[in-house]
Amino acid sequence: MKKIIKGLGIASMMFGCVLTASAQDETQKEGFLKRAFRDMKESAKLQRQIDKANFRATKLETKAFYLEQKRKSKPSVRTAAERERMQKELQEANHRVESAKALVESAKK
């Protein structure tokens, strides 16, 4: 019998602690919810600014690419670029010829 009474006393003490703890949790939850919604609001504003900036950047990059391709489509620009490329290839080929000649000369000795 003493064990049962002692058990009930402990249970009531535990239950009372739970009630006071839950009452404190409710007041903390209100503060938590307010903070959570405030944080979500700030996060949403910041995300909107990020999205707008990314959109503007993508738009400008697309425009720059379009203008570059438009410039390259002109025959005078295209032939000049092709001429430059061919000159570089010719220089590289001449350099390889000189290197090969040097190797042949060194192998003869």
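Here are a few worked exercises on the structure above.

This is a predicted model, where local features need pLDDT of at least 70 and side-chain atom pairs count only at pLDDT 80 or more, while totals for chains, interfaces and linings use all residues. Residues are numbered from 1 along each chain as its sequence is written, and side-chain values use heavy atoms, with hydrogens and water left out.

**Exercise 1. The overall picture**

Work out how many helices and strands the chain has, and what share of its residues is buried.

Solution.
- Start with the DSSP runs, numbered from the N terminus: a helix is H or I over at least four residues, and a strand is E over at least two.
- That gives two helices and zero strands.
- Next, sort by relative accessible area: buried is under 20%, exposed is over 50%, and partly exposed is in between (1.4 Å probe, protein chains only).
- Buried residues come to 0% of the 109 in the chain.
- Finally, take the accessible area (Shrake-Rupley, 1.4 Å probe; for residues, only the protein chains shown count as cover). The chain exposes about 10,700 Å², with 63% of that supplied by carbon and sulfur atoms.

**Exercise 2. A nonpolar patch**

Find which residues make the nonpolar surface patch of about 440 Å².

Solution.
- Patch members have over 30% relative accessible area and no salt bridge; nonpolar side chains (Val, Leu, Ile, Met, Phe, Trp, Tyr) are joined within 5 Å, like charges within 9 Å.
- The patch is made by F32, L33, F37 and M40.
- Pick out F37: it sits in helix α1, residues 2-72.
- F37 counts as exposed because its relative accessibility is 54%.

**Exercise 3. Salt bridges along the helices**

Track down the salt bridges and say which residues are linked in a network.

Solution.
- The idea first: side chains of opposite charge can pair when their charged atoms come close.
- The cut-off is a side-chain nitrogen of Lys or Arg within 4 Å of a carboxyl oxygen of Asp or Glu. The count is three.
- In helix α1, E68 and R71 are three residues apart, so about one helical turn separates them. Their side chains meet at 2.8 Å, N to O.
- E68 is partly exposed at 32%, and R71 is too at 39%.
- Over in helix α2 (residues 75-108), E82 and R85 are also three residues apart, about one turn. Their N to O distance is 2.2 Å.
- R85 also bridges to E89, with the closest N and O atoms 2.5 Å apart; these two are four residues apart in helix α2, about one turn.
- Put together, E82, R85 and E89 form a salt-bridge network.
- Its members are partly exposed: E82 at 34%, R85 at 36% and E89 at 43%.
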